[in-house]
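Hi,

Here is the structure I promised to pass on. Have a look at it first, then read my notes below.

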Amino acid sequence: MFITFEGIEGCGKTTQAKLLCEALVDREYSVVLTREPGGTPAAEELRSFLLKPREEKFPPFAELSVYEAARSFHVENLIKPSLKEGAVVICDRFIDSTLAYQGYGRGIDLSLVERLNQEATGGLKPNLTVLLDLPVEEAFRRISERRKDRIESENLKFHQRVRQGFLEIARREPERFLVVDGRKEVGELHTLILSEVLRRLGAL
Ligand code: TMP
């Protein structure tokens with residue numbers, strides 16, 4: 001089973017991905033917890049390249065290409081082999097982040113982003129995607145203390161487009177998505193997510 005977590009910065013997805021991983025390991029599932037961009041040595045190098053603040057302009061198409069290149073390394077070297085071995089793969093961000101950030105956020109044609117997502121993954125899609133939805137103002141409050149990377153430093157309007165993008169994608173594929181209110185308490189969210197995952201694992 002392939003599970004992804006999505007949402008804007010500060011939505012709590014990294015915490016929830018870890019909690020889900022621990023709960024499944026406790027139940028003796030073989031689990032691989034990974035993230036995008038990143039997850040393999042080459043993809044982690046591309047992550048540093050992507051997130052580093054820089055003086056030079058980073059054109060949207062260059063950004064899209066590097067996210068897709070990192071994904072291609074990740075799918076080929078880690079995600080596909082792990083699924084083949086029967087592991088549950090939990091990934092912090094995946095294809096929907098590219099549609100939301102580079103498509104809805106940067107304004108790149110959505111069909112181009114979808115095409116490149118398709119190429120980078122060979123058509124692999126998550127069985128379940130958990131979207132932690134949160135108002136952008138609340139997310140900004142949560143991340144105000146940390147040092148921001150290149151994408152986190154974008155303005156409120158950019159992140160609002162990204163949030164609306166995620167909600168739109170989830171509306172188009174309701175059977176793949178579990179949309180939860182990221183303002184809920186951590187333990188309550190975890191219980192909700194875990195019960196959905198266990199239900200789906202039972203049905204596999
Ligand atoms: P993270 O903060 O969740 O680790 O994600 C790193 C940043 O990369 C985050 O600001 C979202 C951004 N991102 C994209 O813009 N497009 C993508 O395809 C992915 C996977 C992440």
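How many aromatic pairs does the count come to? Before the answer, two notes on the ground rules. This is a predicted model, where local features need pLDDT of at least 70, side-chain atom pairs count only at pLDDT 80 or more, and totals for chains, interfaces and linings use all residues. Residues are numbered from 1 along each chain as its sequence is written, and side-chain values use heavy atoms, with hydrogens and water left out.

So, the rings: the count comes to four aromatic pairs (rings of Phe, Tyr and Trp, the last by its six-membered ring, with centres within 6.5 Å; planes under 30 degrees apart are stacked, over 60 edge-to-face, the rest tilted). One of them is tyrosine 101 with phenylalanine 158, a tilted pair with 6.2 Å centre to centre and 50° between the planes. Tyrosine 101 belongs to helix 4 and phenylalanine 158 to helix 7 (residues 156-172), so this pair ties together parts 57 residues apart in sequence. (Helices are DSSP runs of H or I with at least four residues, strands are runs of E with at least two, and both are numbered from the N terminus.)

Now the ligand. There are 14 residues around it, and Lys13, Arg47, Arg93, Thr98 and Gln102 come nearest (a residue is near if one of its heavy atoms lies within 4 Å). Helix 2 (41-51), helix 3 (60-84) and helix 4 (95-105) each give at least two residues to this shell, and helix 4 has the largest share, with four.

Some polar contacts stand out (pairs of N or O atoms within 3.5 Å). Glutamine 102 has a polar side-chain atom 2.8 Å from a nitrogen atom of the ligand. Ligand oxygen atoms lie 2.9 Å from a polar side-chain atom of tyrosine 67 and 3.4 Å from one of arginine 71. The protein covers 94% of the 480 Å² of accessible area that the ligand has on its own (Shrake-Rupley method, 1.4 Å probe).

Lastly, the backbone. A cis peptide bond, with omega about -10°, joins glutamate 36 and proline 37; proline 37 sits in the loop between strand 2 (31-35) and helix 2. Glutamate 28, in the loop between helix 1 (13-26) and strand 2, has a positive phi near 70° though the residue is not glycine.

Cheers

Note on methods
Polar contact = N/O pair within 3.5 Å; in protein donor to acceptor, adjacent residues only side chain to side chain.
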